[in-house]
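Got the structure open and wondering where to start?

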Amino acid sequence: MKLLLHICCGPCALMPLAVLREEGHALTGYFDNPNIQPLAEYMRRREGAIQAAEHAGIPLVFPERQQEYDAKAWCREALAAAYSEDRGEEKDTNESGGRCAFCWTSRLRRSAAKAKALGLSGFTSSLLYSRHQNHEGIRKAGERAGEEYGVRFVYRDFRPLWQQGIERSKALNIYRQQYCGCLFSEEERYTRAFRALENP
Ligand code: SF4
């Protein structure tokens with residue numbers, strides 16, 4: 001199948017790329033992650049995605065330049081989602097409220113639209129590799145985005161390959177991030193550390 005792989009970062013993409021190539025799909029990578037902040041971090045992860053795509057020997061595409069990165073717009077929409085009364089069935093189980101659901105739903109919708117625009121039959125995402133995300137919520141959001149744009153969402157559970165992906169990214173010297181992506185997640189990792197200090 002001609003398949004778009006939404007790539008959230010290089011390390012997360014390595015095992016999905018390996019599995020999907022092994023299955024015989026003709027892959028196009030797509031780096032679309034306006035949630036990553038600040039811009040310097042975004043550029044490091046973008047570079048990591050380029051490395052992963054080059055390693056796999058596949059083309060990598062991006063959103064149109066003027067739509068690629070707008071941190072202010074992303075924060076505005078993410079906060080609106082987090083404080084919305086109507087967060088839908090993808091309400092997050094963690095402290096972020098509806099922010100994360102907005103984050104992966106919007107990226108998956110943009111990926112479905114890109115797959116459609118490129119004339120591909122389906123799409124999937126390296127988000128399905130993460131052990132830290134709401135896997136089931138991502139699956140449902142992908143399926144809904146696929147229905148909306150008339151392209152098939154190809155579901156796979158890449159999580160069992162977690163350790164293999166870590167080792168491969170280290171061997172390839174691809175940048176490995178320390179937080180999920182948005183400034184809120186960057187702050188939360190320190191908040192958790194402070195709480196642990198206060199309540200040992
Ligand atoms: S914590 Fe991660 S998934 Fe949640 S909003 Fe931030 S970048 Fe997106």
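Let's start with a pair of helices: α4 and α5 cross in a right-handed way. (A crossing is called right-handed if the near helix is turned clockwise from the far one by less than a right angle, and left-handed if it is turned anticlockwise.) Keep in mind that this is a predicted model, so local features need pLDDT of at least 70 and side-chain atom pairs count only at pLDDT 80 or more, while totals for chains, interfaces and linings use all residues. Residues are numbered from 1 along each chain as its sequence is written, and side-chain values use heavy atoms, with hydrogens and water left out. As for the names, helices (H or I, at least four residues) and strands (E, at least two) are DSSP runs, numbered from the N terminus.

**α4 against α5**
- Helix α4 covers residues 71-82, and it packs on α5 at an angle of about 130° with the axes 7 Å apart. (Axes are lines fitted to C-alpha atoms, for helices over the stretch in contact, and angles run from 0 to 180 degrees between N-to-C directions.)
- That angle makes α4 oblique to α5. (Under 35 degrees counts as roughly parallel, over 145 as roughly antiparallel, 65 to 115 as roughly perpendicular, and the rest as oblique.)
- On the α4 side, the contact is made by W74, E77, A78, A81 and A82, and on the α5 side by R99, F102 and C103. (Contact means heavy atoms within 4.5 Å.)
- Sort those residues by class and you get six nonpolar, no polar and two charged. (Ala, Val, Leu, Ile, Met, Phe, Trp, Tyr, Cys and Pro count as nonpolar, Asp, Glu, Lys and Arg as charged, and the others, Gly among them, as polar.)

**α5 against α6**
- Helix α6 (residues 135-149) packs with α5 at an angle of about 35°, and their axes are 9 Å apart.
- This crossing is right-handed.
- Residues in the contact include W104, L108 and A112 of α5, along with I138, A141 and Y149 of α6.
- By class, the α5–α6 contact has eight nonpolar, four polar and three charged residues.

**α1 against α7**
- Helix α1 (residues 10-22) and helix α7 (residues 162-171) have axes that come within 8 Å and cross at roughly 115°.
- That makes α1 roughly perpendicular to α7.
- The pair crosses in a right-handed way.
- P11, L14, M15 and A18 of α1 meet Q164, G165, R168 and S169 of α7.

**The sheet**
- Five strands make an open sheet with parallel pairing, in the order β3-β2-β1-β4-β5. (Two strands pair if DSSP finds at least two bridges between them.)
- β3 (60-61) and β5 (152-153) are the edge strands, each with a single partner, so one side of each has no neighbour in the sheet.
- Strand β1 (residues 2-6) runs parallel to strand β4 (residues 122-125), and four bridges join them.
- L5 sits opposite T124 in β4.
- Helix α5 (residues 99-117) packs on the sheet and touches β1, β2 (26-30), β3, β4 and β5, with its direction at about 150° to that of β4.

**Around the ligand**
- The shell is made of N35, W74, R99, C100, C103, Q133, C180, G181, C182 and S185. (A residue is near a molecule or strand if one of its heavy atoms lies within 4 Å of it.)
- Helix α5 gives the most to this shell, with three residues.
- By class, the shell has five nonpolar, four polar and one charged residues.

- Q37 and P38 are joined by a cis peptide bond, with omega about -10°.
- P38 is in the loop between β2 and α2 (39-56).
- N173 is a residue other than glycine with a positive phi, near 60°.
- You'll find N173 in the loop between α7 and α8 (183-198).
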